[in-house]
Amino acid sequence: MNYTTAVKGQNLIKEYKNFKLDIPEFEIPQGFATALIGENGAGKTTLLNMLSGIRLDFKGEITYFDKYSVNEKESNPEVKNSIGYTGPGKYFLPTWSVGDIETISELIFDNFSKDRFRELCNRLALFGDHDFDPKKKNGDLSDGTKMKLMLATVLARDTNLLILDEPASPLDPLMRDVLNSMIGDYINKGEGNHTVFFSTHNVADMESITDYAIIMEHGQIVEKGFVDELKEKYILVKGDAEDTEAAKNILYSITVNPYGFEGICLSQDLDKLAGMNLTRETPSLYQISIAVMKKNTRMVI
């Protein structure tokens, strides 16, 4: 598929004492929602921090919107204003009220809409059955409500790129569905110019909005591609117990039960299973992600 890139990285390296992120090439397609998937410690937050500008102590090059370098992005207010970010932890100080956050956002970002912010707060029932409360303290909010507040703040701005670190993790199932709708609305509103890049452990809940997926393991990208293409590259197969041992040597990943086996097979290897009594299905992104992570993990499974 032909596409332009919202973000492109080359030879990205960030080293810690016991961890190294090493990515020779990296792309986020423009106009789509891209999911970053991987185990804890795979390097997802490190990569997101590099892209958002939280970390600048790395080697390599990052290009935004096919024209701006990291230095140009950091020094150009127009480019910085076009990128929105939400992250875990103490994103807003606990002592800040919702009114403080609203005022600070207005001061920092030229493209922040106070009316849009309040509309989003009410849409997300940030204050339950009550009206907008500017005196409500961030520190008094639950983790899920804090994430709602972060999303309302970033979506109240006129941006072209959203970088979201684990936005679904603290949210309940209903709010995850709403988050999908909000991401979809944002992408559609941009008419090909709005891009969302988010990390997630909740692959199944976020699959409906994911166009492109990047899977990381121990600091490296081990799989990437548009979801439709990945679902052509991999096939879910189920077979009889008598064929389990033979299938183990062919399948990309396998799970065995008393009645047989189930696993992910590379489409190019399907002919090697000829003669077995198999059923074939299109795998979900969740199933593909688990198979890829199992193949590349350092855990003993």
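These are my notebook entries on a few elements that I looked up in a predicted model.

**Ground rules.** I number residues from 1 along each chain as its sequence is written, and side-chain values use heavy atoms, with hydrogens and water left out. Because the model is predicted, local features need pLDDT of at least 70 and side-chain atom pairs count only at pLDDT 80 or more, whereas totals for chains, interfaces and linings use all residues.

I took helices (H or I, at least four residues) and strands (E, at least two) as DSSP runs numbered from the N terminus. I looked up strand 5 (residues 83-86) and found both faces covered, with Ile-83 and Tyr-85 on one side and Gly-84 and Thr-86 on the other all buried; buried means under 20% relative accessible area, exposed over 50%, and partly exposed in between, with a 1.4 Å probe and protein chains only. Strand 5 pairs with strand 6 (residues 161-164) in the parallel sense over four bridges, where pairing requires that DSSP finds at least two bridges between two strands. Thr-86 has Leu-164 of strand 6 as its bridge partner.

**Helix 6.** I then turned to helix 6 (residues 143-155), which has 13 residues and reaches 18 Å from its first C-alpha to its last, close to the 18 Å expected at 1.5 Å a residue; the expected span is 1.5 Å times one less than the number of residues. Helix 6 is largely enclosed by the rest of the structure, because 11 of its 13 residues are buried, among them Gly-144, Lys-148 and Leu-155. What do the buried residues of helix 6 pack against? I found strand 5, helix 4, helix 5, strand 6 and helix 7 (173-189), with contact meaning heavy atoms within 4.5 Å.

**Strands 10 to 13.** Next I looked at an open sheet of four strands in the order 11-12-10-13, with antiparallel pairing. Its edge strands are strand 11 and strand 13 (278-281), each of which pairs on one side only. Within this sheet, seven bridges join strand 10 (residues 234-240) to strand 12 (residues 260-266), and Lys-238 has Glu-262 of strand 12 as its bridge partner.

**Asn-249.** Is Asn-249 buried or exposed? I noted that Asn-249 counts as exposed, because its relative accessibility is 69%, and that its place is in the loop between helix 10 (244-248) and strand 11 (253-257). The C-alpha atoms of Asn-249 and Pro-24 are separated by 30 Å, the two residues being 225 residues apart along the chain.
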